[in-house]
Amino acid sequence: NSSGVFTDSIIDDTCIQSREVWTGTTYTLAAEILSECNTIKRYRNTLTDDPNNPIIKELDELIVKLHNMAYNTAIGIHDSGWNEFGYFFATPEAYNCNGNYRSL
């Protein structure tokens with residue numbers, strides 16, 4: 001279990017890390033999703049625009065989904081840190097769903 005949640009949706013409480021949100025890791029994930037999105041865009045742009053090609057439509061839909069996923073991930077970590085918990089420029093390395101943190 002690497003996400004803090006078991007496959008049956010039960011939170012893993014065997015260690016403190018599984019109940020935390022890691023700010024830097026989350027922003028890194030969002031950036032990696034955007035990077036993958038850009039890689040797919042570059043590949044998509046090598047294909048000839050053929051309205052009958054189902055791969056083009058599938059790639060275009062995937063690009064939109066990945067783009068939205070990346071920004072929603074970044075917005076979520078930003079909004080919880082700035083708007084919900086008020087960390088502002090003292091954003092901790094990790095915090096839990098109650099806003100408690102171990103270190104700044």
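Is threonine 26 buried or exposed? Keep that in mind, everyone, and I'll come back to it in a moment.

A quick word on what we're looking at. This is a predicted model, in which local features need pLDDT of at least 70 and side-chain atom pairs count only at pLDDT 80 or more, while totals for chains, interfaces and linings use all residues. Residues are numbered from 1 along each chain as its sequence is written, and side-chain values use heavy atoms, with hydrogens and water left out.

Let's start with the whole chain. The protein chain has two helices and two strands, and along the sequence they come in the pattern β-α-α-β. Here helices (H or I, at least four residues) and strands (E, at least two) are DSSP runs, numbered from the N terminus. The radius of gyration is 18 Å, well over the 13 Å that the globule rule gives for 104 residues, so the chain is more spread out than a compact globule. For anyone new to this, that radius is taken over C-alpha atoms, and the globule rule is 2.2 Å times the number of residues to the power 0.38. If you draw a box around the C-alpha atoms along the principal axes, it comes to roughly 55 × 35 × 15 Å. Of the 104 residues, 23% count as buried. Buried means under 20% relative accessible area, exposed means over 50%, and partly exposed is in between, using a 1.4 Å probe and protein chains only.

Now the two helices. H1 covers residues 23-44 and H2 covers residues 54-84; they pack at an angle of about 160°, with their axes 9 Å apart. That makes H1 roughly antiparallel to H2. The axes are lines fitted to C-alpha atoms, for helices over the stretch in contact, and angles run from 0 to 180 degrees between N-to-C directions. As for the wording, angles under 35 degrees count as roughly parallel, over 145 as roughly antiparallel, 65 to 115 as roughly perpendicular, and the rest as oblique. The crossing of H1 and H2 is left-handed, meaning that the near helix is turned anticlockwise from the far one by less than a right angle; clockwise would be right-handed. What sits in the contact of H1 with H2? The residues there divide into 17 nonpolar, five polar and four charged. In that count, Ala, Val, Leu, Ile, Met, Phe, Trp, Tyr, Cys and Pro are nonpolar, Asp, Glu, Lys and Arg are charged, and the others, Gly among them, are polar.

Back to our opening residue. Threonine 26 lies in helix H1, and it is buried, with a relative accessible area of 18%. A polar atom of its side chain lies 2.7 Å from the backbone oxygen of tryptophan 22.

Another serine-and-backbone pair sits earlier in the chain. That one involves serine 18, in the segment before E1, where a polar atom of the serine 18 side chain lies 2.9 Å from the backbone oxygen of cysteine 15. Serine 18 is buried too, with a relative accessible area of 14%.

Over in helix H2 we find aspartate 60, which is partly exposed at 30% relative accessible area. The side chains of aspartate 60 and arginine 44 are joined by a polar contact of 2.8 Å. A polar contact is a pair of N or O atoms within 3.5 Å; within protein, one must be able to donate a hydrogen and the other to accept it, and residues adjacent in sequence count only if both atoms are side-chain atoms.

Next, glutamate 32, which belongs to helix H1 and is partly exposed, with a relative accessible area of 47%. Glutamate 32 and alanine 70 are 38 residues apart along the chain, and their C-alpha atoms are separated by 8.1 Å.

Last, two backbone angles. Serine 9 has a positive phi of about 70° although it is not a glycine; it lies in the segment before strand E1 (20-22) and is exposed, at 59% relative accessible area. Phenylalanine 88 has a positive phi as well, near 50°. You'll find phenylalanine 88 in the loop between H2 and strand E2 (94-96), partly exposed at 43%.
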